[in-house]
Amino acid sequence: MSEEHTVLLIQFYAKDPNSRTYLDFDTVKDSMDALAQMYENHLKKERKEEGADFDDENGDLEYDWRALNKFMDEQIADLTIMIFDDVQKIYVPHGREWIRSRIFSFLRMYA
């Protein structure tokens, strides 16, 4: 994965431009970690709303690639990543499918 400055652009609700935000990272790996953490926080919130007893400090969340993909499709209306290309001195945009392939590789490192 690239070690270049990375900006993750996210819009959570399609009809609400105020739900747009961005996060910047030193590496692509860090941005994939943040996306996985967003999903993990979503899971924790769901479990608490369902009344499940979940210990944040000691609880291990288990999920698979399909569940994370579903989250990205259903909970994030728009998702783009921009990576700085030091040679061209520009940010190169990548879409959802590129992000899927990178986060899949990221998760495999921890499987």
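A pocket is an open set of grid points with protein on both sides within 12 Å along at least five of seven lines, and its lining residues have an atom within 4 Å of a point. The views below come from a predicted model.

**View 1. Residues lining the second largest pocket.** The lining consists of F12, Y13, M38, N41, H42, K45, E46, E49, F71 and Q75. Two elements, α1 (28-49) and α2 (65-75), each give two or more residues to this lining. The largest share, six residues, comes from α1. The space in the second largest pocket is about 220 Å³. Sorted by class, its lining holds four nonpolar, three polar and three charged residues.

**View 2. S19 in the loop between β1 and β2.** The loop that holds S19 runs between β1 (6-11) and β2 (20-25). S19 has a relative accessibility of 9% and therefore counts as buried, as buried means under 20%. Apart from neighbours within four places in sequence, its contacts are with I10, Q11, F12 and Y13. Of these residues, F12 and Y13 are also named in the lining of the second largest pocket.

**View 3. Polar atoms around the side chain of S19.** The side chain of S19 comes to 2.9 Å from the backbone nitrogen of Y13. A polar atom of the S19 side chain also lies 2.7 Å from the backbone oxygen of D16.

**View 4. K89 in the loop between β3 and β4.** K89 is placed in the loop that links β3 (78-85) and β4 (90-94). Its phi is near 60°, which is a positive value in a residue other than glycine. The relative accessibility of K89 is 53%, so this residue counts as exposed; the cut-off for exposed is over 50%.

**View 5. The protein chain as a setting for the close-ups.** Three helices and four strands make up the elements of the protein chain, and from the N terminus on they follow the order β-β-α-α-β-β-α. The chain has 111 residues, of which 30% are buried. Among contacts with a separation of 6 or more, 53% are between residues 24 or more positions apart. The accessible surface of the chain is about 7400 Å², and carbon and sulfur atoms account for 46% of that surface.

Notes. Residues are numbered from 1 along each chain as its sequence is written. This is a predicted model: local features need pLDDT of at least 70, side-chain atom pairs count only at pLDDT 80 or more; totals for chains, interfaces and linings use all residues. Side-chain values use heavy atoms; hydrogens and water are left out. Buried means under 20% relative accessible area, exposed over 50%, partly exposed in between (1.4 Å probe, protein chains only). A polar contact is a pair of N or O atoms within 3.5 Å; within protein, one must be able to donate a hydrogen and the other to accept it, and residues adjacent in sequence count only if both atoms are side-chain atoms. Contact means heavy atoms within 4.5 Å. On a 1 Å grid over the protein atoms alone, a cavity is a set of points where a 1.4 Å probe fits but cannot get out, and a pocket is an open set with protein on both sides within 12 Å along at least five of seven lines; lining residues have an atom within 4 Å of a point. Grid points are joined across faces, edges and corners, and a volume is the space filled by probe spheres set on the points. Ala, Val, Leu, Ile, Met, Phe, Trp, Tyr, Cys and Pro count as nonpolar, Asp, Glu, Lys and Arg as charged, and the others, Gly among them, as polar. Accessible areas come from the Shrake-Rupley method with a 1.4 Å probe; for residues, only the protein chains shown count as cover.
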